[in-house]
Amino acid sequence: MIEDLYRARTPRSAALYAEACRVLPAGLTHDSRMTSPYPIYVARAAGARKWDVDGNEYVDYFGGHGALLFGHSHPPLVEAVQRQAALGTHWGASHELELRWAEAVQRLVPSAQRVRFTGSGTEASQLALRLARAYTGKSKIVRFVGHFHGWHDAVVPGGMSHYDGSVPAGISASLAGESLLLPADDAGPVLDVLQTRDDIAAVILEPSGASWGQVPLPSGFLGALREATRARGVPLIFDEVITGFRWARGGAQARYGIVPDLTVLAKILAGGLPGGAVAGARDILDQLDAGAAKAAGREKIGHQGTFNANPLCAAAGVTMLSLVESGDACARAEATAEELRVGMRRILVEEGVPWGVFGEASVFVIFPNPARLPVDPANFDPARLGFRRLKGARDPQLNNRLRVALLAHGVDIAGGPGGFVSEAHGAREVTQTLDAWRTALRALKADGLL
C-alpha cells in the first residue's frame, strides 16, 4: 500500500532513477539518498518546501543535509550568490570576503582564535587531525563509536558501520590502527585511556552525541572529557559540522559552555554552498604559517585546496553568518522543532505506537524501536538505551518504509530517521507534518510493520 501510493505519485522520478542507474553507481551521488524503490528527484525549493519533478510538494526536513538554517533559496543568500557570480567565482587570489568570513567565525565561535577554510567538512576533519598530530608529535586519535567525521580513511571505521572495530573494505588496517575507537555511553573508558597512555594526539567527537544527537552523551561527559584532555595536554576536537551555528550562534560549545582546542565546521558555515573550516587555538593553527612555525621550532604543515574560501562560497558564508549573528534564527528553529517533537510524541501515544521522538536544538530524532522494546513514548529517554540499542540497532528497511510513507504524504525526512528544522518552518508546516506523521504510522500498521 505505501509503495503503491509512492509509485503512483512519482513516475518521473522513477524514470530518472532508471536513467541514473546506467551512469551512476547505485544511481546515486550520496549514500544517505538511498531510497527504495527509488529516490525522489527534486526540481526546485523555497523556504521550508521543495517540489519534485512530478509536481509533488513536500515539507522538507532533509534541509540540505543540515546546511540550511534559513530554508531554501533565502532571498539575502540568493542575492549574495548572484551578485558574486557576476563578479567571478574563482579568482585564484586572496580577497576581502575570505577575511570577513573568518572574522565572522571568530566572533561567533568561542574556540576560534584562528580559522582555516577547506572545501568540505570531511577535509576539515582531516586537517584537524593532521594539525593535532603535528602539534603533539603523537599518532593515536581517540574516536567514539558511531560519531561521524566524514568519509576520509582515518575516520570511516566505526562511524557509520563496523562498530565492532573491524576494518571496512578499502581502508588500510595500519591506518585504522591509529585510532582508538571507544564507547561513549559513559566517560570511564576515555578517561582511563587518557590517564594511562601517552601516545594520544587528539580526542575528536560530536559534542551532540553520535550523528547529531541520535545517541546523546551522558550528563557530565563533555565536562569530564575537557578537564581530562586539558590535564594531559591532549587537544580536544569538536566536530561541529552540524551543531555549528545551529545548537546556538556559536555552536554546541557556546550552548554548553565547553571550549575545545579545535573545531571542525561546515554546512551552515557556507550558507548552503560547499565549504568547511578548522577553527581553534592560535598555536595549533599557526603551524600552517611558515614564519610562525619556524619561530616555534616546528615544521610548517602544508595545506592546499582549489576551492578553499572561493569567492562564491565566501559570499554565501559571510551573508549566512551575518544573519545568524544579527537575528534569532537558532532560537526560532529550535522552538518549532520542540513543537514538532511534542506533537509527534502525542501522536505516538494516541496511536499506541511504542516508539520514541527526541532531539536537541533544531533537530528531531525518531526511534522506531526495531527490537520492539517496552517503550513509553510519552516518557522516552534515549540515554537509557545507549549506542547499541539506538544507532547500533538501526533497521534500514524499517527506516526506509517510514520515510517512503511520509514522502507519499508530502513530508521528507532525513534517514536517521529524523530531520533538521529551519527558521522557515512555521505553523503550517508543523500542522501538515503532524497530519502526515499520523497517516504514515497508520499506513505502517496497515502494512503489518507495526
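Entry 1. I began with lysine 50, which counts as buried at 9% relative accessibility (buried means under 20% relative accessible area, exposed over 50%, partly exposed in between, with a 1.4 Å probe and protein chains only). The model is predicted: local features need pLDDT of at least 70, side-chain atom pairs count only at pLDDT 80 or more, and totals for chains, interfaces and linings use all residues. Residues are numbered from 1 along each chain as its sequence is written, and side-chain values use heavy atoms, with hydrogens and water left out.

Entry 2. I looked up the partner of lysine 50. Aspartate 60 forms a salt bridge with lysine 50, with the closest N and O atoms 3.0 Å apart (a salt bridge is a side-chain nitrogen of Lys or Arg within 4 Å of a carboxyl oxygen of Asp or Glu). Lysine 50 lies in strand β2 (residues 49-52) and aspartate 60 in strand β3 (residues 57-60), so the pair ties together parts that are 10 residues apart in sequence. Helices (H or I, at least four residues) and strands (E, at least two) are DSSP runs, numbered from the N terminus. Aspartate 60 is buried too, at 3% relative accessibility.

Entry 3. I turned to a pair inside a helix. Arginine 100 forms a salt bridge with glutamate 96, and their closest N and O atoms are 3.1 Å apart. Both sit in helix α5 (residues 96-108), 4 residues apart, which puts about one helical turn between them. Glutamate 96 is exposed at 51% relative accessible area, while arginine 100 is partly exposed at 34%.

Entry 4. I then took arginine 114, which forms a salt bridge with aspartate 286, the closest N and O atoms being 2.9 Å apart. This pair links distant parts of the chain, 172 residues apart: arginine 114 is in strand β4 (residues 114-118), and aspartate 286 is in the loop between α12 (282-285) and α13 (290-295). Arginine 114 is partly exposed at 33%; aspartate 286 is buried at 16%. I also noted one network, in which salt bridges that share partners join Arg346, Glu350, Glu351, Arg438, Arg442 and Lys445.

Entry 5. The structure holds 26 salt bridges. I counted 18 helices and 14 strands. Of the 450 residues, 53% count as buried. The C-alpha atoms fill a box of roughly 70 × 55 × 45 Å along the principal axes. Among contacts (heavy atoms within 4.5 Å) between residues at least 6 apart in sequence, 71% join residues at least 24 apart.
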